[in-house]
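I looked up each item in turn and recorded what I found.

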Amino acid sequence: MLYANKVGPFQNPTETYQYYNLPFCQPTDGKEYKTEFLGEVLEGDRLVTTPYKLQFRTDVENAVLCKRTLTAGDLKKFRDAVKQDYYFQMFYDDLPVWGFIGKVEKIVQQGTHKYFLFTHFHFDLSYNDDRIIEINVSSDPMRTVDITTADTLDVQFSYSVKWKQSSVTFDHRMDRYARYSFLPQHLEIHWFSIINSCVTVLLLTGFLATILLRVLKNDFMKYTRDDEMAEEQEETGWKYLHADVFRFPPQSNLFSAMLGVGAQILAMAMCIFALALVGVFYPYNRGGLLSACVVLYALTAGISGYVGGLHYKMFGGTNWVSNVLLCTVMYCGPVLVVFSFLNTVAIFYRSTAALPFGTIVIIILLWALITFPLTVLGGIAAKNSKVEFNAPCRTTKFPRDVPPLPWYRTTVPQMLMAGFLPFSAIYIELYYIFASIWGHKVYTIYSILFIVFIILIIVTAFITVALTYFQLAVEDHRWWWRSFLCGGSTGLFVYGYCFYYYYARSDMSGFMQTSFFFGYNAVVCYAFFLMLGAVGFRASLLFVRHIYRAIKCE
């Protein structure tokens, strides 16, 4: 059975509509929708039966699909679709196939356009034994009708089918989509660009690490010499802050919740990479990635409750209920706001991107029955744990005043410096990811993506540690929030790249596509911010505890 999925403007991948929103030929016995899984519905898939008869190994020559009298309204729909370069997507035996609805011809002498509707489609299919291997569709440029100015039009739609034998096995029938997405020469350039970027970033990171280690070594030698001389000398630098550096951050409840959600997203990302590397997300595994994200987020909710509750308890917090609730809504809350707005826009446009009521109920039940209870259980486990924050230095009752700092030592400039280096490590890969999510390419090289992700984590941890040291060296002890914000600032750079990609690298347009692009990317970049912020803070905490333990400030 050949199923039609959706139609929409080729340049706006998210702006998709149901196939029969356009007046195509319908099955004589009525259209029937195929049952979809959660991820397929989230992707906007709405598979419906078509009148095409593609029987296995049965060639068809010029079969009449239907004869229709297109009214003025029907012609206007087709005309607008052709003008916006609409394409359609169909599936046959879970193999995707695409085609265009019509074509536009420009009349140079008159400065006008003519719009033609394709009325005949030819299907080329390949088989191996009793399995279907490949499907392609093409239109006949000689069988078109001019719909530029007509008010009514009698049209006959037809199709033909040609079968041929293939040597490709059924297990490798999806390989062609990966080859079309990344041709060999593009793949070599891709690998070379990633290796070049990684080597550059690692060399720069190693250079900064060498400087930092030498500076630390000099500091330790100086402080050791001062201790041995046992002279009353005024302390300077980061040793001067030993009584303030472990003073807990303000808004510790919010800070703990952000750490917990960041740890959860990091765990979820690692699980997704593990599934990708074992081949779960093969090309056009419809909705597989989205389903995995939803399910893994629900199953890892206990991590956010436990990590958030653990830090909250170490910070001396007692209102653990508010901490659990904050962990629950820290990410789901903004996502709900963005989704509500975008779903309303999709409903207004009558797009397949609008989720049905039943799917929304399923997601709410997942949150209520899995995500929220696991978060509560994680919070209870943290509350009952016996972990304590053993600071190597005592903290005084009143904090020292922070000396006046130059503007480039303040939070925002430090965040910009912290986010630039990790962003430079993933900049090249971002294009391929965006071309896959917001284009028509298929991303299949998860090994490269995993390498880049690991480098991103390492570089983020190091640059945050380096900036934390420089902050303490100028006697600014407010490093807790700063380390989180500097670590997560890469997410802001990624969101800035969204603007560049939208206006300089894509042809997307329209309110709906713009809303979806910047709305969903904001949700993803927020997840980046929380995840990398947690990484930056944990690295800085380990570093600070190590250096103050080394000088035996007790």
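How many bridges join strand 4 to strand 12? I counted eight, and the two strands run antiparallel. I worked on a predicted model, in which local features need pLDDT of at least 70 and side-chain atom pairs count only at pLDDT 80 or more, while totals for chains, interfaces and linings use all residues. Residues are numbered from 1 along each chain as its sequence is written, and side-chain values use heavy atoms, with hydrogens and water left out.

I took helices (H or I, at least four residues) and strands (E, at least two) as DSSP runs numbered from the N terminus, and I called two strands paired if DSSP finds at least two bridges between them. Four strands form an open sheet in the order 4-12-9-10, with mixed pairing. I noted strand 4 (60-70) and strand 10 (131-139) as the edge strands, each pairing on one side only. From one strand to the next the twist averages 20°; for such angles, axes are lines fitted to C-alpha atoms, for helices over the stretch in contact, and angles run from 0 to 180 degrees between N-to-C directions.

I then went through the pairs. Asn128 stands opposite Arg131 in strand 10.

I found a second open sheet in the order 7-8-11, with antiparallel pairing. Strand 7 and strand 11 stand at its edges with a single partner strand each, so one side of each is left without a neighbour in the sheet. Neighbouring strands here are turned by 30° against each other on average, direction ignored. Strand 7 (residues 102-107) and strand 8 (residues 112-118) share six bridges; Glu105 is partnered by Lys114 in strand 8. Strand 8 and strand 11 (residues 144-146) share three bridges, and Phe118 stands opposite Thr144 in strand 11.

Helix 2 (residues 72-83) lies across strand 4 and strand 12 (153-165), at about 120° to strand 4. Helix 2 also lies across strand 7 and strand 8, at about 110° to strand 8.

The axes of helix 8 (residues 320-349) and helix 13 (residues 511-550) come within 10 Å and cross at roughly 170°. I therefore recorded helix 8 as roughly antiparallel to helix 13 (the term applies to angles over 145 degrees). Among the residues that meet are Tyr331, Phe339 and Leu342 in helix 8 and Phe516, Tyr520 and Leu530 in helix 13.

From an automatic or database domain assignment, I have domain 1 (2-171) and domain 2 (240-550). Their C-alpha centres lie 42 Å apart, and the contact takes 28 residues from domain 1 and 26 residues from domain 2. The area buried between them is about 2,300 Å², of which carbon and sulfur atoms give 60%; buried area is the accessible area (1.4 Å probe) that two parts lose on being put together, summed over both. Thr14, Leu38 and Leu42 supply 25% of what domain 1 buries against domain 2, more than any other three residues.

Notes:
Contact means heavy atoms within 4.5 Å. Angles under 35 degrees count as roughly parallel, over 145 as roughly antiparallel, 65 to 115 as roughly perpendicular and the rest as oblique.
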